[in-house]
Amino acid sequence: MLAFGQSKVPFIKRDNFMAKSNDRLDSIVREARRNAEQREAGYRAQALKMYPWVCGVCTRTFTHSNLQLLEVHHKNGNHDDNPPDGSNWELLCTYCHEHEHSKLKDMAGRQDVKQEGPVATHNPFAALKDLLERKKPE
Ligand SMILES: [Zn+2]
Ligand SMILES: [Zn+2]
């Protein structure tokens, strides 16, 4: 009887915890999204203050009338990496920016193929397993 009662309590507690943590997770996600949007507006304004309004690839120049086509690219690909000296930012027109990202995706794809090599061939482990299994009967 005592054991039954004891085992029941943690289940109730865990259900409550799950419901609460899901609510909390939702609000964390909402908050993170809001922060990211604010941060994006923040670093774009900073980068536009810091750099001339010129695309870093095609050198097209921009004015207030078409400035929405000039975007902030993160050189190391990490949008959360926004050093105040602007060293991770590059201003690119929307076309070159898209091209830059499709290049990055290509590179990532090639890296994936390379990484799959040793994972797909389990030869070292298979050989080890054979060795262990062969040794067992002895
Ligand atoms: Zn461009
Ligand atoms: Zn970018």
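**Close-up views of a predicted model**

**View 1. Thr 61 and its contacts.** Apart from neighbours within four places in sequence, Thr 61 is in contact with Trp 53 and Val 54. In this predicted model, Thr 61 sits in the loop between H1 and E1. Thr 61 counts as exposed because 11 other C-beta atoms lie within 10 Å, and the cut-off for exposed is 12 or fewer. From Thr 61 to Cys 93 the C-alpha to C-alpha separation is 8.9 Å, although the two are 32 residues apart in sequence.

View 2. The phi angle of Thr 59 is near 60 degrees, a positive value in a residue that is not glycine. Is Thr 59 buried or exposed? Thr 59 is exposed, because it has 9 C-beta neighbours inside 10 Å.

**View 3. Strands E1 and E2.** E1 and E2 run antiparallel and are joined by five bridges. One bridge pairs His 74 with Trp 89 in E2. E2 is mostly covered, with four of its five residues buried. Among the elements of the protein chain, E2 also has the highest mean pLDDT, 98.

**View 4. The largest nonpolar core.** Nine residues form this core: Tyr 43, Cys 55, Leu 70, Val 72, Trp 89, Leu 91, Leu 92, Cys 93 and Cys 96. Strands E1 (70-74) and E2 (89-93) each supply at least two of the core residues. Which element gives the largest share of this core? The largest share comes from E2, with four residues. In soluble globular proteins, nonpolar side chains tend to be buried together.

**View 5. Surroundings of Cys 93.** Cys 93 is a member of the largest nonpolar core. Which residues is Cys 93 in contact with, leaving aside its neighbours within four places in sequence? The contacts are Cys 55, Cys 58, Arg 60, Leu 69 and Leu 70. Of these contacts, Cys 55 and Leu 70 also belong to the largest nonpolar core.

**View 6. Asp 80 in the loop between E1 and E2.** The loop between E1 and E2 contains Asp 80. Asp 80 counts as exposed, because 8 C-beta neighbours lie inside 10 Å. Along the chain, Asp 80 and Ala 36 are 44 residues apart, and their C-alpha atoms are separated by 8.3 Å.

**View 7. The protein chain and its confidence.** Three helices and two strands make up the elements of the protein chain, in the order α-β-β-α-α along the sequence. Of the 138 residues, 8% are buried. Among contacts between residues at least 6 apart in sequence, 57% join residues at least 24 apart. The average pLDDT of the protein chain is 80, and 70% of the residues score at least 70. Helix H3 (residues 123-135) has the lowest mean pLDDT among the elements, 68. Where pLDDT is low, the predicted coordinates should not be read in detail.

Definitions and conventions. Residues numbered from 1 in each chain as written. Chains lettered and ligands numbered in written order. Core = buried A, V, L, I, M, F, W, Y, C linked by C-beta atoms within 7 Å. Buried ≥ 20, exposed ≤ 12 C-beta atoms within 10 Å, placed from the backbone. Contact = placed C-beta atoms within 7 Å. pLDDT = per-residue confidence, 0-100. Pairing = 2+ DSSP bridges.
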